Amino acid sequence: MTSIIASEDNSMSRKQHLALYCFAAMLLCCLPANEAQAFPPKKKILMVVTSSKGKIPRHSTGLWAEELVVPYRIFRKAGFQVSLTSPKGGTPPIDPNSIPKSKDAKIKSISGFFKSPRNQAFLRSQKLSDIDASMYDAI
């Protein structure tokens, strides 16, 4: 009998082959009947943010950074797929006062979120009128 997984130099012993076959058989027996059971779809969350950027006397307005970043990170860590929407779409205006210059690690982490290239696609929100709410598990 020829071994399917034996190397050309037959460096694996019969015990190693048997152990490998047993391991493969255990894996096959433990897999669900279909792939959908093995990898359930991620739950989807839609975060709705402002498109409004204004200026009141001596103060710019916009999205408060921490109100976006902290829930986003919690949802992602919990395994949710997170999307962003706003009335006008595009990158939401961030209130500059929500990201003060600081050496505090938490503040640096929040300001770094907006500078990170991997978050840029997330930060380009979809226009609210283009969203199908039925596609999301939570809004």
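## Strand pairing around β4

Two strands are said to pair if DSSP finds at least two bridges between them. Strands (E, at least two residues) and helices (H or I, at least four residues) are DSSP runs, numbered from the N terminus. In this predicted model, local features need pLDDT of at least 70, side-chain atom pairs count only at pLDDT 80 or more, and totals for chains, interfaces and linings use all residues. Residues are numbered from 1 along each chain as its sequence is written, and side-chain values use heavy atoms, with hydrogens and water left out.

Strand β4 takes part in two such pairings. With strand β5 (residues 126–127), β4 runs parallel and is joined by 2 bridges; here Thr85 has Gln126 in β5 as its bridge partner. With β1, β4 also runs parallel, through 5 bridges, and Ile45 stands opposite Val82 of β4.

## Overall organisation

The protein chain contains 5 helices and 5 strands. Their order along the sequence is α-α-β-β-β-α-β-α-α-β. Among contacts (heavy atoms within 4.5 Å) with a separation of 6 or more, 75% link residues 24 or more positions apart.

Of the 139 residues in the protein chain, 24% are buried. Buried means under 20% relative accessible area, exposed means over 50%, and partly exposed lies in between (1.4 Å probe, protein chains only).

## The largest nonpolar core

A nonpolar core is a set of buried Ala, Val, Leu, Ile, Met, Phe, Trp, Tyr and Cys residues joined through side-chain atoms within 4.5 Å. The largest one has 15 residues, and those touching the most other members are Met47, Leu68, Phe113, Phe114 and Phe122. Two or more residues come from each of β1 (44–48), α3 (65–77), β4 (81–86), α4 (105–115) and α5 (120–123). The greatest contribution is that of α3, with 4 residues. In soluble globular proteins, nonpolar side chains tend to be buried together.

Beyond its neighbours within four places in sequence, Met47 is in contact with several residues, including Leu68, Pro71, Tyr72, Phe75, Val82, Leu84 and Phe122.

Ser86 is found in strand β4. Its relative accessible area is 1%, so Ser86 is buried. Leaving aside neighbours within four places in sequence, Ser86 is in contact with Val49, Thr50, Ser51, Ser125, Gln126, Lys127 and Leu128.

The strand as a whole is largely enclosed by the rest of the structure, because 5 of the 6 residues of β4 are buried.
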